[in-house]
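Me: I have a two-chain model open. Let us go through how the chains meet, one question at a time.

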Number of protein chains: 2
Amino acid sequence: MSSATSARDRLVDAAQDLFAAQGVGPTSPRAVLAASGVGQGSLYHHFPTKHDLAVAAVGATVDDALARAMRTLDSDSPAVERLVAYLERPREALAGCKIGRLTADQAVMDDDGLHDVVTAYFVRLLRALTQIFRETDLPDDVARDRAHAALAIIQGGYVLARATRDPGALAAAVRGFVGLLDQGPQARNEPDRPSQHSTPTPKENP
Amino acid sequence: MSSATSARDRLVDAAQDLFAAQGVGPTSPRAVLAASGVGQGSLYHHFPTKHDLAVAAVGATVDDALARAMRTLDSDSPAVERLVAYLERPREALAGCKIGRLTADQAVMDDDGLHDVVTAYFVRLLRALTQIFRETDLPDDVARDRAHAALAIIQGGYVLARATRDPGALAAAVRGFVGLLDQGPQARNEPDRPSQHSTPTPKENP
């Protein structure tokens with residue numbers, strides 16, 4: 001890795017941390033510069049404006065989060081198992097979702113380029129979740145609604161946890177939702193994939 | 001109403017509007033004063049500090065929201081009808097929840113008095129929703145989880161709507177969740193209240 005790349009990466013890392021801790025609006029490029037430890041020239045060389053820095057940092061956060069989500073959502077497990085594994089993944093509830101919280105950050109919502117990065121994240125997740133529900137033989141519109149519900153559970157669970165200071169609130173919301181999925185006619189035993197269920201493979205999802 | 005009361009109310013109204021539009025952190029008492037049109041003396045007479053003004057304004061927003069929610073949740077309709085009426089209530093999705101958004105406002109989260117007001121709102125709603133699910137003969141822990149899920153759907157639906165710029169995202173999440181409730185064994189026809197279902201009363205919820 002060249003030192004130029006490294007300085008850029010350190011700036012992006014520092015911006016990701018500060019944005020997560022205090023929001024994009026209140027974070028100055030000067031604070032990012034101080035936290036990164038790189039020289040001032042590197043900041044303006046790589047990111048002439050705060051907008052450029054924010055797009056790079058929020059983009060990196062989105063890329064990381066999508067890669068993690070897709071490892072679960074695109075695995076070889078049966079559809080509902082993938083979904084439940086995604087929903088039940090351990091999350092730092094009291095920290096809030098690094099990306100969802102940006103929707104309350106007016107500096108992000110007012111910046112079309114930044115807002116586009118946030119939109120792309122949720123559109124991509126909704127598409128993957130809709131596809132999972134389609135695999136359970138639901139009609140397209142029902143699959144789409146249910147994908148919205150699944151994603152809303154996570155985002156709303158974060159809000160509840162922060163609001164009530166109860167880190168268990170997110171897990172409770174997920175349990176409530178998964179319990180409703182389990183009582184449905186398709187539940188976790190998908191009728192169109194009987195062969196996957198004759199062989200128990202509990203270790204498929206890392 | 002005395003002019004003193006009126007000045008206080010105008011300050012609180014202005015603060016509620018500005019907090020909803022731009023957050024508590026970035027809103028200065030000076031901006032609230034300007035928007036309210038009252039004299040500077042009234043501001044410092046009624047609210048010596050920004051904290052006092054914020055507690056009063058966020059408290060008023062919480063009181064309004066709770067009163068509206070309880071009219072639906074405490075009505076005489078059967079439990080699941082009250083729940084679905086609450087979930088399906090029209091909401092300004094793109095504006096976000098005036099109270100839920102405060103959980104992303106570090107100035108609110110860092111102020112114990114303000115945070116308490118936000119916590120009380122969600123705890124009160126969770127209690128009412130848990131009670132509704134208990135009425136459908138669910139065990140206490142399942143009722144509590146499902147209450148978290150119901151509230152998370154609303155809060156997460158707001159986040160999704162703002163993130164994707166799609167006002168329909170909140171309604172889609174609610175439809176996805178209500179669809180799951182409908183397919184359960186208790187669904188909308190509560191077995192322990194058959195008499196209420198022999199007489200159709202579609203107008204019970206205003």
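Me: How much area do chain B and chain A bury between them?

Reply: This is a predicted model, where local features need pLDDT of at least 70, side-chain atom pairs count only at pLDDT 80 or more, and totals for chains, interfaces and linings use all residues. Residues are numbered from 1 along each chain as its sequence is written, chains are lettered from A and ligands numbered from 1 in the order written, and side-chain values use heavy atoms, with hydrogens and water left out. Buried area is the accessible area (1.4 Å probe) that two parts lose on being put together, summed over both. Carbon and sulfur atoms carry 61% of it here, and the total is about 3,700 Å².

Me: Which element gives the largest share of the side of chain B that touches chain A?

Reply: Contact means heavy atoms within 4.5 Å. The contact takes 45 residues from chain B and 45 residues from chain A. Counting 16 residues, the largest share on the chain B side comes from α8(B), a helix as DSSP runs define it (H or I, at least four residues; strands are E, at least two; numbered from the N terminus).

Me: How many residues on that side of chain B are nonpolar?

Reply: Ala, Val, Leu, Ile, Met, Phe, Trp, Tyr, Cys and Pro count as nonpolar, Asp, Glu, Lys and Arg as charged, and the others, Gly among them, as polar. On the side of chain B that touches chain A, ten are charged, 14 are polar and the nonpolar number 21.

Me: How many salt bridges are there between chain B and chain A?

Reply: A salt bridge is a side-chain nitrogen of Lys or Arg within 4 Å of a carboxyl oxygen of Asp or Glu. Over all chains, the whole structure has twelve. One between the chains pairs Asp145(A) with Arg175(B), with closest N and O atoms 2.8 Å apart. The count between chain B and chain A is eight.

Me: Why does the salt bridge of Arg165(B) and Asp116(A) join two chains?

Reply: These side chains meet at 3.1 Å, N to O. Arg165(B) lies in the loop between α8 and α9 of chain B, and Asp116(A) lies in α7 (residues 112-135) of chain A, so the pair joins two chains.
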